[in-house]
Amino acid sequence: MNTIKIVSVIVLGSLLLSIGINVFLTPYKVLDGGMIGIGLILHYLFDLKAGIMIIIFSAPIFLVAWIYYRKYFYNSLHGLLLSSFFIDLLKPLDGIVHASPIVSSIIGGIFVGSGIGLMLRIGTSTGGTDLLAQFISDRSGINVGILIFCIDMVVILLGGLLISSETLILSCITIVFVGLTTTIVSSKSIREV
């Protein structure tokens, strides 16, 4: 796959993910799982920039990847940096669409899942806890999808405890749609991007 196509897919995926977060999730303090969810929790509680927090909290995982899993490091670094950049850049879009919290959670999940799915189709990701799950899977033999789901649930439960029960419920809806959309978009059976 040529470089222009790879860069274009990473940019498009990062934009879709960032639109999903800023337009649909943040107005209702909804979370995604993983490192994005951790960044959003810190944003909601302390008004910190979610993208910067994602990079900071992903740094130790990327250090391990640099030492032990260079392929994962290179494949995920671009996705991490671009998606984090766009999450902070598109913050002004927060609240421009007015939909019910449930509809926003579903649409936000579809946007986020589309962005992640596109990046997975070309072998990249946003890194973070997905990389952590891959490391654990490689060492333990536990299915990476199960590990990602477990990590996402811990993040969502933490957010529900720290923010609100509504955040917990809406975030559960979101991660279901993120997972479904990611699976559909990243599927090899659909036409090549």
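## Residue I102

I102 lies in helix α5; helices are DSSP runs of H or I with at least four residues, numbered from the N terminus. This is a predicted model in which local features need pLDDT of at least 70 and side-chain atom pairs count only at pLDDT 80 or more, while totals for chains, interfaces and linings use all residues. Residues are numbered from 1 along each chain as its sequence is written, and side-chain values use heavy atoms, with hydrogens and water left out.

With a relative accessibility of 47%, I102 is partly exposed (buried is under 20% relative accessible area, exposed over 50%, partly exposed in between, using a 1.4 Å probe and protein chains only). Leaving aside residues up to four places away in sequence, I102 touches L170 and I173; contact means heavy atoms within 4.5 Å. I102 and I173 are 71 residues apart along the chain, and their C-alpha atoms are separated by 7.7 Å.

## Nonpolar core

The largest nonpolar core has 35 residues, of which L17, I21, L40 and V112 touch the most other members. Such a core is a set of buried Ala, Val, Leu, Ile, Met, Phe, Trp, Tyr and Cys residues joined through side-chain atoms within 4.5 Å. Helix α1 gives the most to this core, with six residues.

Beyond residues up to four places away in sequence, I21 touches T26, P27, I36, L40, I87 and V112.

## Salt bridge

The structure holds one salt bridge, defined as a side-chain nitrogen of Lys or Arg within 4 Å of a carboxyl oxygen of Asp or Glu. The salt bridge joins K91 and D94, with the closest N and O atoms 2.5 Å apart. K91 is partly exposed, at 25% relative accessible area, and D94 is partly exposed at 30% relative accessibility.

Methods. Helix = DSSP H or I, 4+ residues; strand = E, 2+ residues; numbered from the N terminus.
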